[in-house]
Amino acid sequence: MDAVTPKTAVTPFVLKDAPSLIQKVWPAQKISVETFKERDAKQAQTLTSLGSYWKGRKPLILARACILASLLPASDDVAGDLEIFDLLMGMHDDQIGARLKVGVTAADVEKFGSESQKQAFARMQDSERPVARTDRDALSCEIISQMPYQDRVERLYRLEELPEDPLLGPYFARINAKLGTSATTLTELIEQLGIMRFGRRPRVADTFAGGGSIPFEAARIGCDVFASDLNPVAAMLTWGALNVVGATPAHLKSIEKSQKIVADLVENDLKDLGFEYDETGNRVKTLLYCLETRCPQTGWMVPMAPTWVISKSWKTIAVLVPDAKSKRYEIEIRSGVSDSELKAAEKGTIQKGNLVHTVAGETYSTSIKAIRGDFKDAAGVSRNRLRQWEVSDVVPRPDDILQERLIAIQWMDKETLQSARPRSFFASVTEADRARERKAIEFVEGNLAHWQDVGLVPDMPIETGKENEGPIRTNGWTHWHHLFSPLQLIFFATLSRHVRRHLPTGWLDIARLLDRSSKVNRWSSSNGSSGQPTNVFDTQALNTFFNYGAYASYNLIKLITKPKNHPIGTDCEVGNQPAAAISVENDIYVTDPPYADSVRYEEITEFFIAWLRKKPPAMFENFIWDSRRALAIKGDGEEFKKGMIDAYKAMADHMPANGLQIVMFTHQSASVWADMALIFWGAGLQVVAAWYIATEVSSELKKGGYVQGTVILVLRKRIGAEHAYKDEIVQEVKSEVSDQIDTMSGLNQDLVGHGRIENLFEDADLQMAGYAAALRVLTRYSVIDGIDMTKESLRPRRIGEKSLVGEVIEFAVQVANEHMVPDPMDPKLWGGLSGAERFYFKMMDVETTTLRKLDNYQNFAKAFRVGDYAGLMGSVEPNKARLKLAREFKKNSFEIPDFGPSATRAVLYALFEIGNDVEGDEVLAHLRDMVPGYMSKRDDLAAMAEYIVKKREKVDETESRAARILHGLIRNERLG
């Protein structure tokens, strides 16, 4: 589409050369809070209905913020620009009512309300007559507008949950007046802004589309879209986002009708087979399996599981009952057991890598490695003596080291099968159950070759790799269908047969259900009401287990459900190709490249590709159903750098002169920035801005939770070929970084003066601005010290080699840190502190806000070059991180480099002594002994104490009081 005629004409290209808002100002802190709220919604997010197995989706709210800020112009009226952006993002104070989900509580009113608001709330609570909902909501909105943004958003709906008209409709007159547009909907506004900037409806591209969130959101707000990914599963998910979630209501209704037909056909076929019904008519809900092996010390067959707890809430356990005659264990399922029995069942037969069981009062322990026969071959490669399964295998052979055993069944009572929530119960496996299992095995063995020939079941070998070696090494599985039980193979063969005939979009359903039912689904005894299987990729890796759970067809059929609907009316194209193969021009690129990506999608998605690669439907028949590992951009070495340069150069070559690129990547260190600078040099791009989006998620599966921060880099084409020398660039960087941070700090002050409650920019934004300012200067030049930087970007690096780029960026970090003096500390005192001292005082300042994210501490530790900051921390819990208090340091931590021997540590020790009622004269005597040149540093020590008084006043009153006493002691000390 080359040109568009909107309902009301705007002047084409009038914004052609206008800077974009995202180049100048962007409320990253508010966007961070909104981003975290969307991530925290988990399965309720818009696109997870297509498949939650793709973990790398960027939040829709973040994609929207990037695209809108790329189209909106920046003017000298910063407050006005931000107001329009906030309105379009639904983040304005005036929109709280449209987003209100939960009204304020009495505690909220007490904490955030004014006196008049407290009185109004009390009258409403005491009123004998019902208070109008509108009055309650109006008061709630007033009080919520006075909350910090993080507290505010907890009480509001997510943007993706709300219809556009009530949220944005009332404000288009204000928006149009500011922008010179005449839109009545967001899509009209996007179209008009595109014409004003590019002469057409804006075309947004993502060549690393992944789960499709960026192209989906771009299309949803009104952009034309090009999306591509090397991985066919990613391309399929992106297509699904645009064409299923984004379908017209009529088309979606047709899809739902076909889904119902397929679900009914599968249901009827499986009922006729009868493998999931017992003789009384009860139906299987879930099945629990475990591996079983012969103990080499006793000759007993021992079921293998790390725990025998099946359901914590139902107090259901498996109990091993010895059968000495057969040298094996029967397994009894018991529900409603005592707390002591439940506790005892927590310990299974797999303990610390050993098989452990007791016979006749004697406990035997054998390492799993010994049972598998692990060894290293002549080449040093780890191997074992497990038989490698063959393509025709369905279950283990009788003489295999590892057997598989059905240990429990969760049945649904036949009398309640038609109810919304059938009554269910766990039961031991009976001989009748085993007979049905044998029949199912025979059925699969009789049909497997045919199913594989026509593509209903995979025959694809597992290619080993970092993520995929587990099934081969731990179980001897060599083909992808080995990861599925006979009942699962029957279900998916049946589903695939009907999907091919009736449901072209069903490829998405097959993939989603594969993630929910295989032999690599961990059983969780605490999930759901009774325990249930987790997803295959709930840990972003392909792991095998000693015991596992499986949904039967009842649950899986229910998962073929209606996706959420957000109709898309723009032109959208999806390709399955490398990023460097881009051949169409796009105005804006928003990409999330696989920099240092710990999730190896090119490997783990072979789990799905194996099932989907044969005879795909028309919309996917041109996809290459292979992971193409060799072409995937991964890692962080020279091949990665070359692949990235090729990709971003291709994008730059297919972008107009006033086009924009937004690149998202995970912030690691200054060396990362140096690598990115070289990549963008090689691609002919210049960095113009950078922002930091911080989100943190705590997970029981990851020790201490994990932290994720995303850097948003803004780039334009590099025009011209400027030359410079390093010493000139260093001075320019110093000036640029200083000006950038001073400007942003000034904006904070101006906006607070205009009634804004919180800072527009926090320290993380200022750090990013420092990095960006350095890159902005560096990437402006094509030749530095006579070196062609484009060629330099392609030169292989020696390990440990120092580069000009790295040196300049590290210098920029130091300049930025020097300018981030916490108020009210004197800049001269700040300049004389060590990195560890700066870190401690800076984080003390941060702790007066709500930003107690571990991410902040990690970033500042890197920025201040504090190698090991753990000794300074009282807590490293992801969302409740904090420094140690003086009383927690006690008499320790004097060995911490740059901190232990410092004046700061001496002051903290003095506070510790004051808290322990040490006499003032003795406190001062110790302080004089600990601080060399004490007399010349008295003013600094008093200033430190005064700083602590102010920063700890609302954080820890005890420490603040001790600091006030110390300040008085120093100031009133008798000298001479």
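**View 1. A patch of negative charge on the surface.** Asp-917, Glu-919, Asp-921 and Glu-922 gather on the surface in a patch of negative charge. This is a predicted model in which local features need pLDDT of at least 70 and side-chain atom pairs count only at pLDDT 80 or more, while totals for chains, interfaces and linings use all residues. Residues are numbered from 1 along each chain as its sequence is written, and side-chain values use heavy atoms, with hydrogens and water left out. A patch is made of residues with over 30% relative accessible area and no salt bridge, where like charges are joined within 9 Å and nonpolar side chains (Val, Leu, Ile, Met, Phe, Trp, Tyr) within 5 Å. Lys and Arg count as positive and Asp and Glu as negative, whereas His and the chain ends are not counted; the place of a charge is taken as NZ of Lys, CZ of Arg, CG of Asp or CD of Glu. Accessible areas come from the Shrake-Rupley method with a 1.4 Å probe, and for residues only the protein chains shown count as cover. Asp-917 lies in the loop between α35 (903-915) and α36 (920-930), where helices (H or I, at least four residues) and strands (E, at least two) are DSSP runs numbered from the N terminus. Asp-917 counts as exposed because its relative accessibility is 68%, given that buried means under 20% relative accessible area, exposed over 50%, and partly exposed in between (1.4 Å probe, protein chains only).

**View 2. An open sheet of three strands.** Strands β8, β9 and β10 form an open sheet in that order, with antiparallel pairing, and its edge strands, β8 (350-351) and β10 (362-367), each pair on one side only. Two strands pair if DSSP finds at least two bridges between them. Two bridges join β8 to β9 (residues 354-359), and six bridges join β9 to β10. Asn-354 in β9 stands opposite Gln-351 and also opposite Ser-367 in β10. In the hairpin of β9 and β10, which has two residues between the strands, Ala-360 takes a positive phi near 50 degrees.

View 3. The structure holds 62 salt bridges, each being a side-chain nitrogen of Lys or Arg within 4 Å of a carboxyl oxygen of Asp or Glu. In one of them, the side chains of Asp-81 and Lys-178 meet at 3.3 Å, N to O; this pair links distant parts of the chain, with Asp-81 in helix α4 (residues 78-89) and Lys-178 in helix α11 (residues 172-179), 97 residues apart. Asp-81 is buried, with a relative accessible area of 6%, whereas Lys-178 is partly exposed, at 32%. Asp-587 forms a salt bridge with Arg-200, their closest N and O atoms being 3.0 Å apart, and this pair is 387 residues apart in the chain. Both Asp-587 and Arg-200 are buried.

**View 4. Helix α15 and its residues.** The side chains of Lys-260 and Asp-264 meet in a salt bridge of 2.7 Å, N to O. Because Lys-260 and Asp-264 are four residues apart in helix α15, they are separated by about one helical turn. Asp-264 is partly exposed, with a relative accessible area of 35%. Ile-255 also has its place in helix α15 (residues 249-273), and Ile-255 counts as buried because its relative accessibility is 5%.
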